[in-house]
Amino acid sequence: MISMDGFWRDRRVFVTGCTGLVGAWTVRALRERGAHVVGLIRDHVPGSELVRGGLYQEIDVVRGCVEDQPLLERALAEYEIQTVFHLAAQTIVGIANRSPLSTFETNIKGTWCLLEAARRCGTNPHVVVASSDKAYGDQDNLPYTEDAPLQGRHPYDASKSCTDILALTYHNTYRLPVCVTRCGNFYGGGDLNWNRIVPGTIRSVLRNEAPVIRSDGSYIRDYFYVKDGAAAYLHLAECMARQPEVAGQAFNFSNEIQVSVLNLVARILRLMHSRLTPEVRGEALQEIKHQYLSAAKARQMLNWRPRYELDEALSETIAWYRAYFAVQGTDTKGPWEKLAA
């Protein structure tokens with residue numbers, strides 16, 4: 001589907017992290033609107049939505065790491081990129097706690113390399129940088145608003161605080177047209193990180209196993225459907241092109257609802273007609289206990305609204321995983337697990 005005004009038709013767009021959950025759905029949204037997409041890919045991930053959905057065959061691929069600034073500069077210049085979506089990141093909190101340096105390399109160095117490449121490439125592209133609600137850290141006043149201080153204290157949170165500050169630095173100092181997005185916990189079909197609560201719970205139910213909750217279940221999060229996220233990114237980039245005053249700002253995107261982990265798991269169990277009881281382990285440490293975002297600024301300045309309600313989005317997500325595992329076989333193992341078995 002090409003947009004009515006044709007904004008994205010033939011527009012040259014660079015996407016980092018396009019094998020990830022948000023990246024793949026952003027590529028799909030861009031291709032549906034007629035954009036010419038160039039994707040940065042580090043690893044081949046055959047189970048990703050980018051590959052399974054056939055999108056890999058529809059884009060130009062640059063192989064390499066987001067920490068390779070000369071590679072990024074070459075790609076942006078040679079493909080004459082007009083819009084950049086910087087979505088590449090190490091996004092798993094547990095991995096960040098165990099391996100902070102690799103997380104800092106990807107999330108912080110990768111961001112300055114991308115921004116420097118955009119500054120130097122000669123096309124002055126609009127850049128949308130994906131930060132996170134974790135960049136805010138613990139706050140006494142909720143919901144988070146964009147003027148709250150960035151005070152991440154744990155490895156992943158701190159990496160996103162740095163990502164955020166770097167992005168706006170390049171606008172304030174070099175006038176690079178940059179915006180930052182701060183979203184909650186993304187979920188949706190195509191997330192193959194099984195230690196995340198949504199895909200992990202769905203897979204457990206399909207296996208008739210008790211879902212595992214790493215925390216005590218009381219942690220409150222802002223859950224955001226990946227299709228709404230991809231649409232928000234595209235909408236923001238369009239606004240940047242049409243409203244110059246939008247550049248240099250951060251925007252929260254959210255359904256603005258508070259959901260505990262236990263509540264989310266209960267919803268999934270209900271939608272899947274399961275009577276399983278979750279196993280609550282209480283192991284999660286160094287995580288923020290209560291988070292949710294205000295999207296008032298995006299509503300007012302960008303005229304943005306989410307499309308999906310939580311149960312509708314969860315139902316779509318469950319359907320995606322049912323289809324995914326039906327292809328893999330009745331044992332509900334992904335191809336990488338079968339090889340390791």
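Let me start with the sheet: seven strands form an open sheet, in the order E3-E2-E1-E4-E5-E6-E11, with parallel pairing. Strands here are DSSP runs of E with at least two residues, helices are runs of H or I with at least four, and both are numbered from the N terminus. Two strands pair if DSSP finds at least two bridges between them. This is a predicted model, where local features need pLDDT of at least 70 and side-chain atom pairs count only at pLDDT 80 or more, while totals for chains, interfaces and linings use all residues. Residues are numbered from 1 along each chain as its sequence is written, and side-chain values use heavy atoms, without hydrogens and water.

Strand E2, residues 36-41, runs parallel to E3 and is joined to E3 by four bridges. Within that pair, Leu 40 stands opposite Val 62 in E3. Helix H3, residues 69-78, packs on the sheet and touches E1 (12-16), E2, E3 and E4 (83-86). Contact means heavy atoms within 4.5 Å. The direction of H3 makes about 160° with that of E3; axes are lines fitted to C-alpha atoms, for helices over the stretch in contact, and angles run from 0 to 180 degrees between N-to-C directions.

Now helix H5, residues 100-120. H5 has a kink of about 30°, centred on Gly 110; the bend at a residue is the angle between axes fitted to the seven residues ending there and the seven starting there. Just after H5, Gly 122 takes a positive phi of about 100°.

Note on methods: The expected span of a helix is 1.5 Å times one less than its number of residues.
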